[in-house]
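Subject: Structure for you, with notes

Hello,

Please open it first, then read the notes below.

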Amino acid sequence: MTQPVNHLAIIMDGNGRWAAARGMPRTFGHKAGVEALRRTVKSVPKFGIKHLTLYAFSSENWSRPADEVKDLLGLLKLYIRRDLAELASNGVRVRIIGRREGLRPDILALIESAEEKTAHNTELNLNIAFNYGGRDEIVRAMQTIIDDPSGPVANGKPVTEQHISAVMDTVASPDPDLILRTSGEMRLSNFLLWQVAYAEMVFLDCMWPDFDESHLEEAIQEFTRRERRYGGVEAVKGAIL
């Protein structure tokens with residue numbers, strides 16, 4: 001069966017609670033979450049998914065305890081350094097979306113290196129949302145439009161949806177078809193606010209470290225049962241527009 005999900009976006013939630021349930025520190029859960037991330041990146045091509053966006057570190061996460069932030073940054077660096085060669089050989093193109101101003105030089109250099117080394121890959125577009133917030137993304141997009149001397153504002157023309165979409169962080173990917181969140185929470189948490197206008201949403205009770213291919217298949221099967229109308233009357237089941 002042809003899989004209709006072209007762009008899957010995941011809010012990877014539940015690492016801390018998963019660790020707490022085992023009497024372990026939150027870092028233990030984050031490490032297990034990286035393994036779930038690794039499994040997911042390997043699994044999605046089996047379902048015909050060409051674009052995968054993962055919510056790794058929000059702009060609000062900086063308010064967490066300093067030790068936890070340090071551990072999260074360390075895990076990001078470890079993942080990119082350890083897996084970059086494999087991602088590149090498997091045709092995965094890596095993009096880091098989010099605000100880059102103010103990032104530490106070592107983090108910024110790692111991001112730029114990952115993007116450069118995978119720039120010509122086409123099998124899977126992997127967007128990692130780091131230091132990312134949906135409202136911040138919209139603000140940055142609007143500022144880009146305002147500052148563009150050849151843009152609509154400078155030339156006294158209306159700003160359209162197309163103008164905004166063209167300067168969003170995810171411009172290289174279509175809007176997501178499916179937003180998936182683990183841990184049973186049912187909210188977007190400032191994730192892809194512009195892009196989710198017509199995305200289907202599936203919320204799973206499993207914690208992110210437990211997420212595997214069976215959960216991915218469950219979410220996709222739920223997606224295929226949805227009727228997508230895009231504001232109209234006639235349903236379009238699992239359509240890619």
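Where is the place of Asn 190? Asn 190 sits in the loop between strand S5 (178-181) and S6. Helices and strands here are DSSP runs, numbered from the N terminus (helices: H or I, at least four residues; strands: E, at least two).

First, the ground rules. This is a predicted model, so to speak of local features we need pLDDT of at least 70, side-chain atom pairs count only at pLDDT 80 or more, and totals for chains, interfaces and linings use all residues. Residues are numbered from 1 along each chain as its sequence is written, and side-chain values use heavy atoms, with hydrogens and water left out.

**Two asparagines with positive phi**

Asn 190 has a phi near 65 degrees, a positive value in a residue other than glycine. Most residues other than glycine have a negative phi. Asn 190 is buried, because its relative accessible area is 16%. Buried means under 20% relative accessible area, exposed means over 50%, and partly exposed lies in between (1.4 Å probe, protein chains only).

Asn 131 also has a positive phi, near 50 degrees. Its place is in strand S4. With a relative accessible area of 7%, Asn 131 is buried.

**The largest pocket**

How much space lies in the largest pocket? About 690 Å³. A pocket is found on a 1 Å grid over the protein atoms alone: it is an open set of points where a 1.4 Å probe fits, with protein on both sides within 12 Å along at least five of seven lines. Lining residues have an atom within 4 Å of a point. The volume is the space filled by probe spheres set on the points, which are joined across faces, edges and corners.

The lining has 30 residues. Met 12, Tyr 55, Ala 56, Asn 61 and Arg 64 lie nearest the pocket's centre. Elements that give two or more residues to the lining are helix H1 (15-20), helix H2 (26-43), strand S2 (51-58), helix H3 (66-89) and S4. By type, the lining divides into 15 nonpolar, 9 polar and 6 charged residues. Here Ala, Val, Leu, Ile, Met, Phe, Trp, Tyr, Cys and Pro count as nonpolar; Asp, Glu, Lys and Arg count as charged; the others, Gly among them, count as polar.

**Annotated sites**

UniProt, in an unreviewed entry, lists Asp 13 and Asn 61 under "active site". They span 49 residues in sequence, yet no two of their C-alpha atoms are more than 12.6 Å apart, so they gather at one spot. The lining of the largest pocket includes Asp 13 and Asn 61. UniProt positions are in the numbering used here, feature names are shortened, and annotations may be inferred rather than shown by experiment.

The UniProt annotation "binding site", also from an unreviewed entry, covers Asp 13 and Glu 200. Of these residues, the pocket lining includes Asp 13.

Asp 13 is in the loop between strand S1 (7-11) and H1. It counts as buried, at 16% relative accessibility. Leaving aside neighbours within four places in sequence, Asp 13 is in contact with Arg 181, Thr 182, Ser 183, Glu 185, Met 207 and Trp 208. Contact means heavy atoms within 4.5 Å.

Glu 200 is in strand S6 (residues 200-203). At 14% relative accessibility, Glu 200 counts as buried. Not counting residues up to four places away in sequence, Glu 200 touches Asp 177, Leu 178, Ile 179, Phe 223, Arg 226 and Arg 228.

Arg 39 is in helix H2. At 32% relative accessibility, Arg 39 counts as partly exposed. How far apart in space are Arg 39 and Asp 212? C-alpha to C-alpha, 6.7 Å, while in sequence they are 173 residues apart. Arg 39 touches Pro 209, Asp 210, Phe 211 and Asp 212, not counting residues up to four places away in sequence.

Helix H5 (residues 134-147) has 14 residues. From first C-alpha to last it reaches 20 Å, close to the 20 Å expected at 1.5 Å a residue. That expected span is 1.5 Å times one less than the number of residues. The buried residues of H5 are Gly 134, Asp 136, Glu 137, Arg 140, Ala 141 and Ile 145. Their cover includes strand S4 (124-132) and helix H6 (161-165).

Best wishes
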